[in-house]
Amino acid sequence: MQTEAVSKTAGRAASRASTGFEYTFPAIRGVQAGREFYASMCPLRLIPKIFLFDEDDLSAELRAQRVLNKGRLPALARYILDNPDDYVFSALTASVDGDMVFESQGTEGSAHRTGQLRVPMDARFLINDGQHRRAAIELALKENPDLGDETIAVVFFHDAGLSRSQQMFADLNRHAVRPARSIGVLYDHRDVNAQITRALTERSAIFKGFVEMEKSTLSARSRKLFTLSALYYGNQSLLQGLELKQDEATKLVQSFWEAMDAVLPEWEMVRNKQLSAQEMRRDFIHSHGIALHALGRIGNSLLRESVKATAWKKRLTPLKDVDWSRTNTDWEGRAIVGGRVSKSHQNMTLTVNYLRKYLGLELSPEEQRVEDAYLRGEA
């Protein structure tokens, strides 16, 4: 009954359809919550021309979308341009403020669900989901117009007013869950650092079998020592600004963490089953993400002076004297806040500063500013 009612509504819309120019989309008709919607394919060159942004200067309660974050656009556009053979964009969802007429190919079965969707050119298309994809497509087309022949899936709904559009935005984003960073690293085959990090987990005895590959947090009972995302960011900070080929970088990070393993005896104790992973994570902080990141930054400072192992490895020896146990009150306010390890930017900097002291390394102006505030009790 609902489908019949919707079809009658579409029929009345047909009688009101504009007699002027119109867009025609090959489409498939569907029904959700008693309302017809249409799925189609749209050439990329058409996307910037017909899909509008909600007005940025309106207050939030009068908009049906969040304000466009223009800072995200260059990276999204670059993603398309740099990966013309294997980029992937999910469908756009749009409301159409105007008459939509669906002409099916037949009256029964699949023929009744497939056909052509006709929309007057003076109709207003409002994106409910995918405004950043739409803007990135526009940006990419300016640099490479040939992309205009490619297509993206679009789902069209009838515009039922501002309240309905706002509800659609809320519903479409309500259950969206960003995947854990670790599984993103695991599945990313474009990011060189992700490739290096995965290779490290396979080749190094320190990490093989001790890295959580999917989750970015470890449960209290986990037998793993590290998360893939923590190791990724440790490697990222270690290699920052170093011009190395991928093979060289892979060997270097493995050499660095093996050198770190030599001054962190608890890591080896876990591998030798003298200490459980749960006990080590509970009592020490040097397998946590903040420690790996901080150690990577310390290593980067040494590598910038010389990438020769004979030079930087000897410089790491004083780290043997660092007390990494949670009972060391020096960590409170630096790596630990209120009894919990903190990964904030400020705590990261304070942890790096603490390690620099052991190695006799100077602080940068920013690091010194954070350190001074901490010593004054302002951090």
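A helix here is a DSSP run of H or I with at least four residues, and helices are numbered from the N terminus. The model I am reading is predicted.

**Entry 1: helix 9**

I looked up what follows helix 9. Gly241 comes after helix 9, and its phi is positive, near 80°.

Next I checked the length. Helix 9 has twelve residues and should span 16 Å at 1.5 Å a residue; its end C-alpha atoms are 16 Å apart, so the two agree.

Is helix 9 mostly covered or mostly open? I found it mostly covered, with ten of its twelve residues buried. Among the buried residues are Leu228, Leu231, Tyr232, Asn235 and Leu239. I then asked what covers the buried residues of helix 9. The cover includes helix 7 (181-187), helix 8, strand 9, strand 10, helix 10 and helix 13.

**Entry 2: aromatic pairs**

I turned to the rings. A pair of rings is described by the distance of the centres and the angle of the planes. The structure holds 20 aromatic pairs.

I took Phe207 and Phe226. Their ring centres are 5.1 Å apart and their planes stand at 65°; over 60 degrees counts as edge-to-face, so this pair is edge-to-face. The pair links distant parts of the chain, 19 residues apart. Phe207 sits in the loop between helix 8 (192-203) and strand 9 (211-212), while Phe226 is in strand 10 (residues 226-227). Phe207 is buried at 1% relative accessible area, and Phe226 is buried at 0%.

Then I took Tyr232 and Tyr233. Their centres lie 5.2 Å apart with planes at 85°, so this pair is edge-to-face. Tyr232 is buried, at 4%, whereas Tyr233 is partly exposed, at 33%. I also noted Arg181 over the face of Tyr232, at 4.8 Å from the ring centre.

**Entry 3: nonpolar cores**

The largest nonpolar core has 55 residues. Trp257, Met260, Leu319, Trp324, Trp331 and Leu355 touch the most other members. Elements that give two or more residues to this core include helix 9 (228-239), helix 10 (246-263) and helix 15 (345-359).

I followed Leu355. Leaving out residues up to four places away in sequence, Leu355 touches Ala294, Leu295, Ile298, Leu319, Val322, Trp324 and Trp331.

Another core lies apart from the largest one. This other core has 34 residues, among them Ala27, Tyr38, Leu117 and Val154.

Conventions. Residues are numbered from 1 along each chain as its sequence is written. This is a predicted model: local features need pLDDT of at least 70, side-chain atom pairs count only at pLDDT 80 or more; totals for chains, interfaces and linings use all residues. Side-chain values use heavy atoms; hydrogens and water are left out. Rings of Phe, Tyr and Trp (its six-membered ring) pair if their centres lie within 6.5 Å; planes under 30 degrees apart count as stacked, over 60 as edge-to-face and the rest as tilted. Buried means under 20% relative accessible area, exposed over 50%, partly exposed in between (1.4 Å probe, protein chains only). A charge sits over a ring if NZ of Lys or CZ of Arg is within 6 Å of the ring centre and within 35 degrees of the ring normal. A nonpolar core is a set of buried Ala, Val, Leu, Ile, Met, Phe, Trp, Tyr and Cys residues joined through side-chain atoms within 4.5 Å. Contact means heavy atoms within 4.5 Å. The expected span of a helix is 1.5 Å times one less than its number of residues.
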